[in-house]
Amino acid sequence: MLFQIFDAFKPRLHDSNSKVNQEALEAMHKMIPVLKDNLSPVINMLIPAIVDNNLNSKNPGIYAAATNVIQALCQHLDTSLLLQPFCTKAQFLSGKAKQDLTEKLA
């Protein structure tokens with residue numbers, strides 16, 4: 001069930017419409033404290049959707065929302081669940097996104 005929900009939700013996290021993208025990130029930020037470690041089965045699917053394009057976005061609202069989501073993941077999930085997906089993404093990112101994710105890893 002969780003996979004079906006997030007399979008449908010994931011494309012909104014990098015929607016070409018910036019308002020839809022930002023709303024999806026803000027909704028994700030609200031879901032994380034509720035779902036917590038129950039997100040573990042879908043975390044490898046979510047992190048790329050959250051990080052790709054959003055942490056390097058020139059839109060300040062999208063960037064802030066993505067940063068808030070990453071912060072909420074770090075606060076509410078077991079950090080061992082985040083280590084591998086964050087490391088994998090950090091290897092292939094550039095610019096501000098790489099710096100932000102590397103700081104979270106540290």
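This is a predicted model: local features need pLDDT of at least 70, side-chain atom pairs count only at pLDDT 80 or more; totals for chains, interfaces and linings use all residues.
Start by selecting Gln 91, which sits in helix H5; helices here are DSSP runs of H or I with at least four residues, strands are runs of E with at least two, and both are numbered from the N terminus. Gln 91 counts as exposed because its relative accessible area is 57%; buried means under 20%, exposed over 50%, and partly exposed in between, using a 1.4 Å probe and protein chains only.

Residues are numbered from 1 along each chain as its sequence is written, and side-chain values use heavy atoms, with hydrogens and water left out.

**Stop two: H3 and H5**

Two packed helices are described by the angle between their axes and the distance between the axes. Show residues 43-51 (helix H3) together with residues 79-92 (helix H5): their axes come within 10 Å and cross at roughly 45 degrees. Each axis is a line fitted to C-alpha atoms, for helices over the stretch in contact, and angles run from 0 to 180 degrees between N-to-C directions. H3 is therefore oblique to H5; under 35 degrees would be roughly parallel, over 145 roughly antiparallel, 65 to 115 roughly perpendicular, and the rest is oblique.

Which residues make the contact? On H3, pick Ile 43, Asn 44, Ile 47, Pro 48 and Val 51; on H5, pick Leu 81, Leu 82, Pro 85, Phe 86 and Lys 89. Contact means heavy atoms within 4.5 Å. Colour this set by class and you get eight nonpolar, one polar and one charged. For the colours, Ala, Val, Leu, Ile, Met, Phe, Trp, Tyr, Cys and Pro are nonpolar, Asp, Glu, Lys and Arg are charged, and the others, Gly among them, are polar.

**Stop three: H3 and H4**

Keep H3 and bring in helix H4, residues 60-76: the two pack at about 150 degrees, with axes 10 Å apart. That angle is why H3 is roughly antiparallel to H4. Here Ile 43, Ile 47, Ile 50 and Val 51 of H3 meet Ala 66, Val 69, Ile 70 and Leu 73 of H4. The class colours give eight nonpolar residues, with no polar and no charged ones.

Move to Asn 21 in helix H2. Is Asn 21 buried or exposed? Asn 21 is buried, with a relative accessible area of 6%. Its side chain makes a polar contact with the side chain of Asn 54 at 3.1 Å. A polar contact is a pair of N or O atoms within 3.5 Å; within protein, one must be able to donate a hydrogen and the other to accept it, and residues adjacent in sequence count only if both atoms are side-chain atoms.

Next select Arg 12, in the loop between helix H1 (2-9) and helix H2 (18-35). Arg 12 is partly exposed, at 35% relative accessibility, and its side chain makes a polar contact with the side chain of Asp 15 (3.0 Å).

Most residues other than glycine have a negative phi.
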